[in-house]
Amino acid sequence: MTTLLDSYREHIVNTHKQPLFLLLVGFITSFVFIRFSVRMIRAQVRWWPGNVTPGGLHIHHMVFGLGFLLLGGIGVFATYGGQPWMDWFGLAFGIGCGLVLDEFALILHLDDVYWSEQGRKSVDAVIFGILFTSLLLVGYVPLGVVPGEETRWGLITIISVNSLASVITLFKGKVWTGLLGIMVPGLSWIGAIRLARPSSPWARWRYAERPRRRARALRRERLLHRRADRARTWLFDLIAGAPDKVPANHPAAHRVAERMAARATAHLDAHAARALARRRARLADRRSAAAAAGAEGRPAGAADQAAGGAGEARSRLAQQRRRTVRAGRSRAVAVGPTGLESRPERNPRLRTHTRRIGR
């Protein structure tokens with residue numbers, strides 16, 4: 001125990017890395033706690049408190065994480081980074097990072113995909129954040145250059161080559177090999193030398209004109225990477241819980257289609273309303289024109305003129321229908337006095353039944 005405390009003082013306290021260490025501790029602790037909490041809530045355990053829902057509004061733990069982030073960030077500037085406030089605000093900032101990155105998929109998709117396959121992006125973001133913070137904690141800043149000491153050019157070269165190999169590995173589609181290679185230099189070098197995954201950017205750039213190498217990458221994907229993906233899925237299920245297996249006919253699987261259908265329905269409703277308004281306007285114009293024509297006529301022959309005007313209107317409507325049919329367009333729809341569309345009558349010349357074939 002004494003040796004552990006002495007190592008902590010030598011490597012953490014004396015090198016002024018205690019705020020970063022407390023940030024990492026808060027990061028890991030908050031992520032483990034909130035994952036345990038949501039799994040207890042999902043299992044509907046009675047002795048564990050449920051979601052925070054004041055007034056029926058579900059408040060995600062990302063909201064509390066933003067509060068911790070603001071507290072840690074503003075507190076450092078408000079206290080000028082003095083001790084011991086720097087340590088406490090570093091711990092608060094780490095707690096906020098764990099709570100916010102645990103719902104990174106929700107921020108990315110702007111949808112509650114916590115227990116779906118898309119929610120696995122939150123675990124990727126948390127592991128990447130923990131690895132990056134650990135690298136800063138155990139590494140040298142910057143690249144082994146310590147003020148007042150001799151520059152270690154050999155260490156700078158190793159870190160630079162390892163960083164380049166990690167970037168190449170990430171471009172080859174090997175995300176976990178590249179991320180873990182930041183901490184383990186030899187792992188990223190192996191990933192940079194081996195073949196890329198067929199769906200990676202490196203394969204699209206380099207294997208387009210090399211069919212043999214692409215075929216080898218496809219065979220390796222079928223044999224090796226599927227097993228690695230199963231192991232990765234098992235590990236994620238152990239850490240974050242298994243996602244919901246939504247069947248194909250589940251309403252949640254058609255959420256995007258339902259939204260698009262709702263937008264299309266709203267557009268069609270607006271179009272129908274505009275068409276109905278235009279028909280009502282034309283009907284009002286016809287009525288006003290008929291009233292004006294009746295007022296200008298002679299009183300003695302008012303009935304005859306009205307009958308003649310009605311006959312002329314019917315003949316004009318029949319001519320319009322014939323021209324519409326000849327042009328290949330749909331038949332004009334008559335509008336009744338109430339402004340509603342009347343159903344077109346059936347053409348008596350059209351055959352409405354099939355001829356029975358005698359045996």
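Reader: Okay, which helix is Val63 found in?
Author: Val63 is found in helix H3. Helices here are DSSP runs of H or I with at least four residues, strands are runs of E with at least two, and both are numbered from the N terminus. Before we go on: this is a predicted model, where local features need pLDDT of at least 70 and side-chain atom pairs count only at pLDDT 80 or more, while totals for chains, interfaces and linings use all residues. Residues are numbered from 1 along each chain as its sequence is written, and side-chain values use heavy atoms, with hydrogens and water left out.

Reader: Got it. Is Val63 buried or exposed, or partly exposed?
Author: Val63 counts as partly exposed, because its relative accessible area is 46%. Buried means under 20%, exposed means over 50%, and partly exposed is in between, using a 1.4 Å probe and protein chains only.

Reader: And what patch does Val63 form with other residues?
Author: A nonpolar one on the surface, made of Val52, Val63, Phe64, Phe68 and Leu71, with about 420 Å² of accessible area together. Areas come from the Shrake-Rupley method with a 1.4 Å probe, and for residues only the protein chains shown count as cover. Patch residues have over 30% relative accessible area and no salt bridge; nonpolar side chains (Val, Leu, Ile, Met, Phe, Trp, Tyr) are joined within 5 Å, like charges within 9 Å. A salt bridge is a side-chain nitrogen of Lys or Arg within 4 Å of a carboxyl oxygen of Asp or Glu.

Reader: Zooming out, how many helices and strands are there?
Author: The protein chain has 13 helices and 0 strands. Of its 359 residues, 25% count as buried.

Reader: Let's pick H4. Which residues are buried there?
Author: Asp87, Phe89, Gly90, Ala92, Gly94, Gly96, Cys97, Gly98, Leu99 and Val100.

Reader: What do the buried residues of H4 pack against?
Author: Helix H2 (18–42), helix H3 (61–78) and helix H5 (104–109). Contact means heavy atoms within 4.5 Å.

Reader: And how far apart are the end C-alpha atoms of H4?
Author: They are 24 Å apart, which agrees with the 24 Å that its 17 residues (85–101) should span at 1.5 Å a residue. The expected span is 1.5 Å times one less than the number of residues.

Reader: New topic: how many aromatic pairs are there?
Author: A search of the whole structure finds 8. Rings of Phe, Tyr and Trp (its six-membered ring) pair if their centres lie within 6.5 Å; planes under 30 degrees apart are stacked, over 60 edge-to-face, and the rest tilted. One of the pairs is Tyr8 with Phe21, which is edge-to-face because the centres are 5.4 Å apart and the planes are at 65 degrees. Tyr8 lies in helix H1 (residues 2–13) and Phe21 in helix H2, so the pair ties together parts that are 13 residues apart in sequence.

Reader: What about Phe33 and Trp48?
Author: That pair is tilted, since the centres are 6.2 Å apart and the planes sit at 55 degrees. Phe33 is in helix H2 and Trp48 in the loop between H2 and H3, 15 residues apart. Trp48 is buried at 18%, whereas Phe33 is partly exposed at 49%. Ring pairs also link Phe33, Phe36, Trp47 and Trp48 into a cluster.

Reader: Last one: which peptide bond is cis?
Author: The one from Gln83 to Pro84, with omega near 0 degrees. Pro84 lies in the loop between H3 and H4.
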